[in-house]
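Colleague: I have the model open and would like to go through it with you. Could we start with how the helices pack?

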Amino acid sequence: MRHSKRLCAAVLVLVSLLIGAAVFPNNVHAAAVSAGEAVLDCESGRVLYEHNADKQMPMASTTKILTAIIILEDCDLDAVVTVPPQAAGTEGSSIYLIAGEKITVRDLLYGLMLRSGNDCAVTLALYHSGTVEAFAACMNARAQTMGAVNSSFVNPHGLPAEGHYTTALDLARIAAYALRNASFREIVSAKEWRTDGDGTETVRLFHNKNKMLYNYAGADGVKTGYTKEAGRCLVTSAERSGSRYVCVTLNSPSMYERSAELLDGSFVKFRRACLFDAETFSVRIPAGSRGKSCACACRESFYYPLAEGEERAIRIEKDVCGRLCLPVRRGDAAGELRIFLENQLLFSQKIVSIEEVKKSFSDILYEIAKNGRGKSCASTNISQPAASPAAAPATNL
């Protein structure tokens, strides 16, 4: 009887730990101690979870995320490429390209991301830059613009090489950037692709290696990777309740299970909140002589993932001109809106005029009368202590 009670107690403890790990992903499993992990909100860039996120590590074929977005931004997807001898027979995973074969850039990208073709990576790199070294230089420069400041790339495929590394957080930022591209999203979410388009000589059928697409609710990408040096690596994107998160696990033996756990916990802990609704905001600012004013507004709404209770720490400040100088044209700056989480600036944008106000003769007389009495466009600060979160409850699937 005592043994049964002890067994039941142990089971209850284990279940509670598993539930706690799912809801609060800051609990690091023993298998994840040496792994690099990060979860990022794609829209705002907020880091929702991190563990060893700035540790520089090899990343295997997840390298190809950066390769793909560079090609998508710079090349015509319908262009026909002749496979160079240097690319044919590239070691590792391959779609078995033949030197001299003709294939479209689009088909190469599907081969790159669905089947992890290293031969596709080299073919695309040479087509883009002429040499692998030149393409690697482009990769490093482009990664910097995406916020990946602790990474170094020396090849387009991720095979082991000295000086080729990234961090979980850098890779999450690269993936979040890439996911803003509709063609990239279409490719990485595809479960299969047939290469029978114009200009393609050999018909191939690709099936996506990423098991998250088949087994995780809301998953829509991105890329798997494995080498002995890098271990098992996975970049996953998933969308639920209007939020898209990207999860990175580097050197994670149970990469699929761990990624699902981290994503589940993040979807439970955070919910998408509308901190500023541009459609409902407008302000009238005096313009020129007495009695005249101009309607002003902001162009963009702002959404941000918040944990429970954080909405009380949101502060919105609006600095607007005390009076606008005439004439006023649509789009003229009239102030600035800033949103803070406690003392951290989350977002800022210009407040601009949304109508025109012409200068009349009476306005000229008014300006003469006011001349010398100070600036006509004084700033007024309006502070709002908190914003109302959007009614978008978190989903636990």
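Colleague: Which residues in H2 meet which residues in H5?

Modeller: This is a predicted model, in which local features need pLDDT of at least 70, side-chain atom pairs count only at pLDDT 80 or more, and totals for chains, interfaces and linings use all residues. Residues are numbered from 1 along each chain as its sequence is written, and side-chain values use heavy atoms, with hydrogens and water left out. From H2, Leu66, Thr67, Ile70, Ile71, Glu73 and Asp74 meet Phe135, Cys138, Met139, Arg142 and Ala143 of H5, where contact means heavy atoms within 4.5 Å. Helices (H or I, at least four residues) and strands (E, at least two) are DSSP runs, numbered from the N terminus.

Colleague: At what angle do H2 and H5 pack?

Modeller: Helix H2, residues 64-74, and helix H5, residues 132-145, pack at about 90 degrees with their axes 10 Å apart, which makes H2 roughly perpendicular to H5. Axes are lines fitted to C-alpha atoms, for helices over the stretch in contact, and angles run from 0 to 180 degrees between N-to-C directions. Angles under 35 degrees count as roughly parallel, over 145 as roughly antiparallel, 65 to 115 as roughly perpendicular, and the rest as oblique. The contact of H2 with H5 has 7 nonpolar, 1 polar and 3 charged residues, with Ala, Val, Leu, Ile, Met, Phe, Trp, Tyr, Cys and Pro counted as nonpolar, Asp, Glu, Lys and Arg as charged, and the others, Gly among them, as polar.

Colleague: And H2 with H6, are they roughly parallel or roughly perpendicular?

Modeller: H2 and H6 (residues 168-178) pack at an angle of about 30 degrees, with axes 10 Å apart, and are therefore roughly parallel to each other. Ile65, Leu66, Ile69 and Glu73 of H2 make the contact with Leu171, Ile174, Ala175, Tyr177 and Ala178 of H6, and these residues divide into 8 nonpolar, no polar and 1 charged.

Colleague: How do the axes of H3 and H4 cross?

Modeller: The axes of H3 (residues 105-114) and H4 (residues 118-129) come within 9 Å and cross at roughly 140 degrees, and that makes H3 oblique to H4. On the H3 side the contact is made by Val105, Leu108, Leu109, Gly111 and Leu112, and on the H4 side by Cys120, Ala121, Thr123, Leu124 and Tyr127. By class, the contact of H3 with H4 has 8 nonpolar, 2 polar and no charged residues.

Colleague: Changing topic, what lines the largest pocket?

Modeller: The largest pocket is lined by 20 residues, of which Ser61, Ser116, Lys209, Gly225 and Tyr226 lie nearest its centre. On a 1 Å grid over the protein atoms alone, a pocket is an open set of points where a 1.4 Å probe fits, with protein on both sides within 12 Å along at least five of seven lines, and lining residues have an atom within 4 Å of a point. Strand S7 (219-227) and helix H9 (255-269) are the elements that give two or more residues to the lining, and S7 gives the most, with 5 residues. The lining has 5 nonpolar, 10 polar and 5 charged residues.

Colleague: What is the phi of Asn52?

Modeller: Asn52 has a positive phi of about 50 degrees although it is not a glycine, and Asn52 is found in the loop between strand S2 (47-51) and H2.
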